[in-house]
Amino acid sequence: AIVVADSQGSSEADYEDYEQVLAEAEASTSDEAFALHLGDMVDDGTNENYWSWLMDTDASMGVATMPVAGNHEARQDDEALANAVAAHYNVDIPEQDTSTGIYYSFVYGDATYIVLNTNDGDSAVGDAQRQWASETAAAAETTWKIVVTHKAPYSKGSHQGDSDVVALRGWLDSFCAQNDVDLVLSGHDHTYMRTPSLSGGAEAAVTTKTVSDGAGNSYEAQVNPAGTTFVIPSTSGTKYYDIVENDLPTAFSWQGYQPVWSTLEIDGDTLFWRSYAYDAETDASTCIDSFAITKDDNLTPAEEVMQMIDALPDPDAGSEPILAAEKDVEASRAAYDELEDADKEQVSNLSKLEQLEQLIEVYQDIAGKETVDLSTGIYYDGKDDDEGQRRAAFKEAIADPDVGTIILPGDTRRRSVSTAETP
């Protein structure tokens, strides 16, 4: 599939520029079954000139388009027009309120596409739509599940703090984790961003390997990731937003102030993604990002162990999740020890396992020991350490094998100490 977004414009020239981008995408690919447009196809859903400039072109008529309702398509005041998107595209939609847009699903090949309407209330996706989406995902019988939205739950654009986007992000984090969604595609913010694999909003550990598509292009592929990758592939039109830095998990971001078109290909157990920036002056495109996801049941013994280790908590996760994962750590060690020597050399994340083993030993050593609070009282009045009493008490606590935790002034977390060797 060809993937485009935010072609909206306010003049015929804007749509002519978009036609160039779409024509370049069609000319550069072969046998693309459809184009997936991520919304804001026009600048105002009520303006029929915009729709004509968008659709009455050789490029737009050269490929079937699966549309996503953008917020600009929701701008409509003609009561005779049930919905601007539904009026211009022949898609099969379930029964729903179409006053702000449409939601629907379709299956192509071995993938189920769940297309959402993110204009649906203050939380972007209303209760009825959420229920429909959950039922659709649960009933999907395909290997791949892809969610498509207009508003982007993750991006480096200016809308990331919007209340409806924040609500959308929280819901999608849970929805994707519960339904094993592989990929989420979005528009709206006119910048490029791709997240790492996320599970419940947190970065999921993944094993990677190099794979190639049918054209010989190489990709770094996530192998059986436990999370979802979110992509906002910039804009295919003429309107660009500046990058707005934030703390959202980011694997790659870009703003080249050029239109972008992308390709999504699924070949058996591997999904391939490539994005291109289009230069109108040279009529040429340059690849700016690519990645792949593979569902590989034929892992080498070393890869299986690496995947087990990747799924363990990070060493800086804290005592509770690390102690809770003790049995998984032991299982990972047992699996590693069973490897042949040549396979052991291929396990590149062994140091993580060793760190966790040492931390478990330390945390178990301090469990049940005393806590000494040196943050207040006679030891510290907020300004002075009276006659070195706190310093002396600290040395005494360090030397006491019955003390497991020391709280110091200004600590945001407890300092655990142990007579055991720490990593």
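User: Which strand pairs with β8, and in what sense?
Analyst: This is a predicted model, where local features need pLDDT of at least 70, side-chain atom pairs count only at pLDDT 80 or more, and totals for chains, interfaces and linings use all residues. Residues are numbered from 1 along each chain as its sequence is written, and side-chain values use heavy atoms, with hydrogens and water left out. Strands are DSSP runs of E, at least two residues, and helices runs of H or I, at least four, numbered from the N terminus; two strands pair if DSSP finds at least two bridges between them. Over three bridges, β8 (residues 192-194) pairs with β13 (residues 229-233), and the sense is antiparallel.

User: Which residue is the bridge partner of Met193 in β13?
Analyst: Met193 has its bridge partner in strand β13. That partner is Ile232.

User: What are the edge strands of the open sheet?
Analyst: The sheet has seven strands with mixed pairing, in the order β4-β5-β6-β7-β13-β8-β14. An edge strand pairs on one side only, which holds for β4 (104-108) and β14 (252-254).

User: What angle does helix α5 make with β5?
Analyst: Helix α5 (residues 127-139) touches β4, β5 and β6, contact being heavy atoms within 4.5 Å. Axes are lines fitted to C-alpha atoms, for helices over the stretch in contact, and angles run from 0 to 180 degrees between N-to-C directions. The angle with β5 is about 180°.

User: How many disulfides are found?
Analyst: A disulfide here is a pair of cysteine sulfur atoms within 2.5 Å. A search of the whole structure gives zero.
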